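This report describes a two-chain model for a reader who has the sequence and the coordinates at hand.

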Amino acid sequence: MPQTFHLNKGFNIPLAGRALLEEHKINQPDSFAIKPSDFKGLVQPKLLVSVGENVKSGSPLFFDKGSEEVLFVAPVSGEISEIIRGERRKVIEIRILADKEIEYKTFKKHTKTDIINLTRAEAIATLTVSGIWPSFIQRPYGVLANPSDVPSAIYISAFDSNPCAPDMAYIMRGREGAFQLGVDVLNKLAKGNIHLNLDASEIPSVFSGTDHANINKFSGPHPAGNVGVQIHHIKPIGKKDKVWTIDPLSVARIGTLFSEGIYDASKLIAITGSEVINPHYVKTYSGACLDKLVAENIKGTHVRFIAGNVLTGEHVGDRGYLGHFHNQISVIPEGDQEEFLGWLLPSFEKLSFHKAFGLLSFLSPKKEKVLDTNTNGEQRNFTISGAFEKILPMDILPTYLFKSIISNDYDEMEALGIYEVIEEDVALCEYIDVSKNDIQAIIREGIELIRNS
Amino acid sequence: MKLLQNLFDSIKPHVEKGAKYEKLHTLYEGHRTIFFKPSLTTGSTGVQVKDAADLKRVMFTVIVALIPCLLFGMWNVGHQHFLATGVVDATFLSKFLLGAGQVIPILIVSYGVGLGVEFAFCVIRNHPIEEGFLVTGILIPLVMPATIPLWQVAMATVFGVIIAKEVFGGTGMNILNVALTSRAFLYFAYPSQISGDMVWTYLGDQVAVDGFSGATLLSYGAAAAANGTEVMAGLGGHWYAGMFDFWNLFLGVIPGSIGETSVLMCLIGAAILVITGVGSWKIILSVFGGAWVMGMVYNLAGTNSFMLLPAHYHLVVGGLAFGAVFMATDPVSAAQTETGKWIYGFMIGVLTVIIRISNPAYPEGIMLAVLFMNVFAPLIDYYVVEAHKKRRLKRATI
């Protein structure tokens, strides 16, 4: 019997430009890139390829000095065209000029019986060399999972509650079989303790027939879809716990890997945001360059291209690349213009969680809004109280947690819940902060302080 | 607007880094952001969109909530003046204009001096101009009597801004409520201009009518307690009949500090603060609750007639309502945890009534009660947070 959790706190951002549930054919981008920075907790990426080399989908590109058995692989076949480095020769991007026809590196195929008889060691060996492993994220800290750990549970959030988020059921359609196989493999890793968290308001979706997983249902506004929030309500974690999280698409990729012997990096991407002419889905591969994905589908000229959603995504530009975990592109207007008395004039259009003087958007909470990238004010000290507490559906005092990080107080951070959150869980706090502080950056700083202490 | 933007643009080169007046950069930015919401955009990582509310708007909301008190206060200064001088046929407009003539100079001095200090600190310490003083600048006049000498307003403002705020690091860092610190300064440094019976009604060069007394209900109460007479019976014989009826006290047509007399106006302000979410309803409610409960306790003890003042009278006299709505709710100096807000507010109410009744030196208690609890707010929060941490420890499997 699925357990249902009703969350009351949170805030849905009714961003204009949600993608229609239809897939449009596009010309595939020529260029793809893997960014080591997508994976938190890496020590030092070591390259396995050089410019000019040819790779197949699934061929290793680099490994991390911290856990050498985990390989990071190419999403498509082609030629390594460029390796972008930053300060101290840190690898920023490995770019691949893609073949027209994808060639796959082949791994061992498994029948259903093979999977039933699979040992934990065999499963891990296949997952770490095939490029799937980096999708496993460890909590606490939100870092790359260590294959030698045995997690007490693995959590999968089967819905995304972020602004204009893609419909996970739509993205996953046709992959039910692979998803089930993936869940069966996950069972080998976590002693059978797999949690699949569904949106309570949805009619039985592609996920609800899944076997060998504990089904939990969540209702409520964003961040109900965040796996960290879900873990907090199912079984909160502390310092010594280790649980893993993985996204549904990666679970299906595990299924495909074991049944067909290939690393299938294809995915549906939702093209969203107010500046998109036809918000819809397109099929491409992880790490795709944005250029062809949004070609001839953009209204404005002065816009920002964001890989991911507007709360946790990254401003990459129209020639930037999708990150490993992104299922969405958001295109919104840039807000780099002054507005006469913009801080004072009343408005129905300016979206606010607060109801301060003249901000009337709360009268029509469902009405879609066009949001630009303006910060709507300057950075200040934390001044007002009680707002973060109203938006974070966790038993955590956010203001005190943030202040403990700012003052580098390790004991306080531990006691106040640093182990339970990562950036995405406090993204809404950053959104609503009237003092305009970079709260996600503060949380990551706190996590790194604790990890390295 | 283009014209204004051009004007700012033409000043910009002179205040940029390396230019002759680079020290004035924060002043330039501060003024530009008053006219124009800045063109700053979100970073490449982190949230890409931000809420429309900023501190300027939040502070402005408080100013809007204060406007009913300010306008009523102006009228009431005039009204009390004409009552005291025996002019029975003064028009609404003449009352309002006379009051405005008293109040506006105080307002100008408060803002002028306060912003001057603020700007000086911004330039010296190179921090941006913060919005906190927008509210403080209007709060200070509203807690002063209309007869206050302007130079005292200036001194109080300087003291409040520097000692209560800037030395701690500016808005958001202060421990005490800035406006009340200013008032407390005058209260102890120049008590004869801000306490007693003669300061609350502006007489100007006119002579008061026979039998006039500028005493507030609280000083009647304290006197009654000292003389062993009945407070409530004594009120009936007031020089102006009906002055201290409950509903007249509620409306605030009584002598007092400029903005504090009308509970009705404070409640309108409270409604604005609560609906907009800017002020904490928990604090407002618990201050009233604390005062009423303590009033009841005194009623039960009842060893002198002031103690027997009906508990609900405590809610409508003095500055309790103004303090509850606008002073206690200052988010920086108040308790910041939700449980802490209940305790903090309740204790303010309790202390206010204790000071009123049991301390013969101070007829009004809200100012000292709020300042006292400002000091204790971090302690209250500390224990609330400790309890929270204990609960978390029990729940998590560390």
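Pro140(A) is found in the loop between strand E10 (137-139) and strand E11 (143-144) of chain A, where helices (H or I, at least four residues) and strands (E, at least two) are DSSP runs numbered from the N terminus. The peptide bond that joins Arg139(A) to Pro140(A) is cis, with omega about -5°. This is a predicted model, in which local features need pLDDT of at least 70 and side-chain atom pairs count only at pLDDT 80 or more, while totals for chains, interfaces and linings use all residues. Residues are numbered from 1 along each chain as its sequence is written, and chains are lettered from A and ligands numbered from 1 in the order in which they are written.

The model scores ipTM 0.93 and pTM 0.93. Chain B has a mean pLDDT of 91, with 99% of its residues at 70 or more; pLDDT is the predictor's confidence in each residue, from 0 to 100. Where pLDDT is low, the predicted coordinates should not be read in detail.

Chain A has another cis peptide bond, from His222(A) to Pro223(A), with omega near 10°. Pro223(A) sits in the loop between strand E14 (214-219) and helix H5 (227-234) of chain A. His212(A), although not a glycine, has a positive phi of about 60°, and its place is in the loop between strand E13 (194-199) and E14 of chain A.

**Sheets of chain A**

Strands are taken to pair if DSSP finds at least two bridges between them. Four strands of chain A form an open sheet in the order E3-E9-E8-E5, with antiparallel pairing. Strand E3 (31-34) and strand E5 (54-55) of chain A are at the edges and have a single partner strand each, so one side of each lacks a neighbour in the sheet. A further open sheet of chain A has six strands in the order E2-E17-E16-E20-E18-E19, and its pairing is mixed. Its edges are strand E2 (23-24) and E19 of chain A; each has a single partner strand, so one side of each is without a neighbour in the sheet.

| Strand pair | Bridges | Sense | Partner residues |
|---|---|---|---|
| E5(A) and E8(A) (residues 78-85) | two | antiparallel | Val55(A) and Gly78(A) |
| E2(A) and E17(A) (residues 280-285) | two | parallel | Glu23(A) and Tyr281(A) |
| E21(A) and E1(B) (residues 36-37) | two | antiparallel | Glu339(A) and Lys37(B) |

**Domains**

Domain bounds come from an automatic or database domain assignment. Chain A is divided into domain 1 (3-17 + 107-260), domain 2 (24-99) and domain 3 (375-453). The C-alpha centres of domain 2 and domain 3 of chain A are 32 Å apart.

For chain B the assignment gives domain 1 (12-37 + 59-209) and domain 2 (217-253 + 262-398), with 24 Å between their centres, taken over C-alpha atoms. Between these domains, 24 residues of domain 1 of chain B are in contact with 25 residues of domain 2 of chain B; contact requires C-beta atoms, placed from the backbone, within 7 Å. On the domain 1 side, H3 and helix H7 (178-189) of chain B are the elements that give two or more residues. H3(B) gives the most, with 11 residues. The domain 1 side has 15 nonpolar, seven polar and two charged residues, where Ala, Val, Leu, Ile, Met, Phe, Trp, Tyr, Cys and Pro count as nonpolar, Asp, Glu, Lys and Arg as charged, and the others, Gly among them, as polar.

Helix H3 (residues 55-84) and helix H11 (residues 263-275) of chain B pack with their axes 8 Å apart at an angle of about 170°. Axes are lines fitted to C-alpha atoms, for helices over the stretch in contact, and angles run from 0 to 180 degrees between N-to-C directions. H3(B) and H11(B) are therefore roughly antiparallel, a term for angles over 145 degrees. Residues of H3(B) including Val62(B), Leu66(B) and Phe72(B) meet residues of H11(B) including Met265(B), Ile268(B) and Leu273(B). This contact has 12 nonpolar, one polar and no charged residues.

**Contact between the chains**

Across the interface, 66 residues of chain A are in contact with 54 residues of chain B. Several elements of chain A each supply at least two residues to the side that touches chain B, among them strand E18 (303-307), helix H9 (398-406) and helix H12 (439-451). The largest share, four residues, comes from H11(A). By class, the chain A side divides into 27 nonpolar, 21 polar and 18 charged residues.

Conventions
Two residues are in contact if their C-beta atoms, placed from the backbone, lie within 7 Å. Angles under 35 degrees count as roughly parallel, over 145 as roughly antiparallel, 65 to 115 as roughly perpendicular and the rest as oblique.
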